[in-house]
Amino acid sequence: MKAITLLGSTGSIGTQTLDIVAHHPDKFKIVGLATGSNVTLLAQQVRQFRPEIVAICDQKKLWELREAIADLDPQPIIEAGESGIVEVARYGDSEAVVTGIVGCAGLLPTIAAIQAGKDIALANKETLIAGGPVVNPMIEKYGVKLLPADSEHSAIFQCLQGVLAGGLRRIILTASGGAFRDWPVERLTEVTVADATTHPNWSMGRKITVDSATMMNKGLEVIEAHFLFGLDYDQIDIVIHPQSIIHSLIELQDTSVLAQLGWPDMRLPLLYALSWPERIYTDWEQLDLVKAGNLTFKAPDNQKYPCMQLAYAAGRSGGSMPAVLNAANEQAVALFLDEKISFLDIPKVIEMVCARHEQDNCQNPSLDDILAADLWARQAVIEASSRVHQKTAIAL
């Protein structure tokens, strides 16, 4: 039985991971749970899975959590705040930590888990995008495994099983195209928050769904693939695949192409990250190619999706630039969700912030450099968004 700690337990990744644990109690047990602020759901999870330690990031809700599980015996250790999340990440005898926290907030807990010698089931792509220059050496230093738990990188990882070193030639990341794949570019001026947070294929959190709509999620996945699999950016391509049946592909040196297929279901990559190298039987719906019907592909439209090229540029710049890109995107999406900037303003402010960082890009960043770049970029987005509004007002 594998002991697991789950960070971000009340989000989409967290609830699907717990669904796996609930259906395979002979294979997995929960040691620790951590989440942001959802006390009600967290308390239900604690009652069901009886972790040894639990944390809630919102310190104002600590007492509410204590009261919600006061009758449990024995009581778990209860922590709060960002430091509490870190304590859960490195606690006890868990063998693997599932990192389901959205955004750069997952970086420090992931580093703590690595330093505690725990394998990482990586569902938080920002860990490598922002922290790759620091995290990859740590993985090697502490001798732990980092296994991708998102659908695209899991697909690549699955296809690579049995491929010898040097056999990989190219990675092809598939993308659904997001909420606006069938919209003309001219119509994007009309986008509302409701439009951008409705995904045609996947059930995900609001921030990630907006990233899918801008296709920044795919640009970020390109950077993550670079750190995970060691290929140059010229060897990582993106293709639009609206059906989301092929989750990604690899091309080998002899031009043979391997693909991983399945219904859009995040539980499959999560299960493989937890069970690797084993394959565990499930009663999930099997893929029926006749039912799936036509599988189609097209090149992404760079005019509609400028965020992809911003991500490629940041990845090629290297150093602290990917951390700036990631933080700028997080802040810009947050402003959009609060209806403080428009959908089309998201790539504009990100580009402005990345351009400002060019002269200060640190090529060999420390963890402190990455965290400082992250904080700077968030403030720079707020400043850039004000300038964008001023230009829009003048144009009007």
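This report describes the domains, helix packing, a pocket and some backbone features of a predicted model.

## Basis of the model

The model is predicted, and local features need pLDDT of at least 70, side-chain atom pairs count only at pLDDT 80 or more, and totals for chains, interfaces and linings use all residues. Residues are numbered from 1 along each chain as its sequence is written, and side-chain values use heavy atoms, with hydrogens and water left out.

## Domains

The chain is divided into domain 1 (2–148), domain 2 (153–292) and domain 3 (318–395); these bounds come from an automatic or database domain assignment. Between the C-alpha centres of domain 1 and domain 3 the distance is 28 Å. Domain 1 gives eleven residues to the contact and domain 3 gives twelve residues, where contact means heavy atoms within 4.5 Å.

## Helix packing

Helices (H or I, at least four residues) and strands (E, at least two) are DSSP runs, numbered from the N terminus. Axes are lines fitted to C-alpha atoms, for helices over the stretch in contact, and angles run from 0 to 180 degrees between N-to-C directions. Angles under 35 degrees count as roughly parallel, over 145 as roughly antiparallel, 65 to 115 as roughly perpendicular and the rest as oblique.

Helix 5 (residues 107–115) packs with helix 6 (residues 126–142) at an angle of about 5 degrees, and their axes are 10 Å apart. Helix 5 and helix 6 are therefore roughly parallel to each other. On the helix 5 side, the contact includes Leu107, Ile111 and Ile114, while helix 6 contributes residues including Val134, Met138 and Tyr142. This contact has eight nonpolar, four polar and no charged residues; Ala, Val, Leu, Ile, Met, Phe, Trp, Tyr, Cys and Pro count as nonpolar, Asp, Glu, Lys and Arg as charged, and the others, Gly among them, as polar.

Helix 13 (residues 306–317) and helix 14 (residues 321–337) have axes that come within 7 Å and cross at roughly 150 degrees. Helix 13 and helix 14 are therefore roughly antiparallel to each other. Leu310, Ala311, Ala314, Gly315 and Ser317 in helix 13 meet Met321, Pro322 and Leu325 in helix 14. The residues of this contact comprise six nonpolar, two polar and no charged.

## The second largest pocket

The second largest pocket has a volume of about 530 Å³. On a 1 Å grid over the protein atoms alone, a pocket is an open set of points where a 1.4 Å probe fits, with protein on both sides within 12 Å along at least five of seven lines; lining residues have an atom within 4 Å of a point. Grid points are joined across faces, edges and corners, and a volume is the space filled by probe spheres set on the points.

The lining of this pocket has 21 residues, and Leu268, Thr282, Trp284, Glu285 and Gln286 lie nearest the centre. Strand 11 (257–261) and helix 11 (267–275) are the elements that give two or more residues to the lining. Helix 11 supplies the largest share, five residues. By class, the lining has eleven nonpolar, seven polar and three charged residues.

## Backbone features

Most residues other than glycine have a negative phi, and most peptide bonds are trans. A cis peptide bond joins Asp73 and Pro74, with omega about 5 degrees; Pro74 lies in the loop between helix 3 (62–68) and strand 4 (77–80). Another cis bond runs from Trp276 to Pro277, with omega near 5 degrees, and Pro277 is in the loop between helix 11 and helix 12 (289–292).

Thr255 is not a glycine, yet has a positive phi of about 75 degrees. Thr255 is in the loop between strand 10 (246–252) and strand 11.
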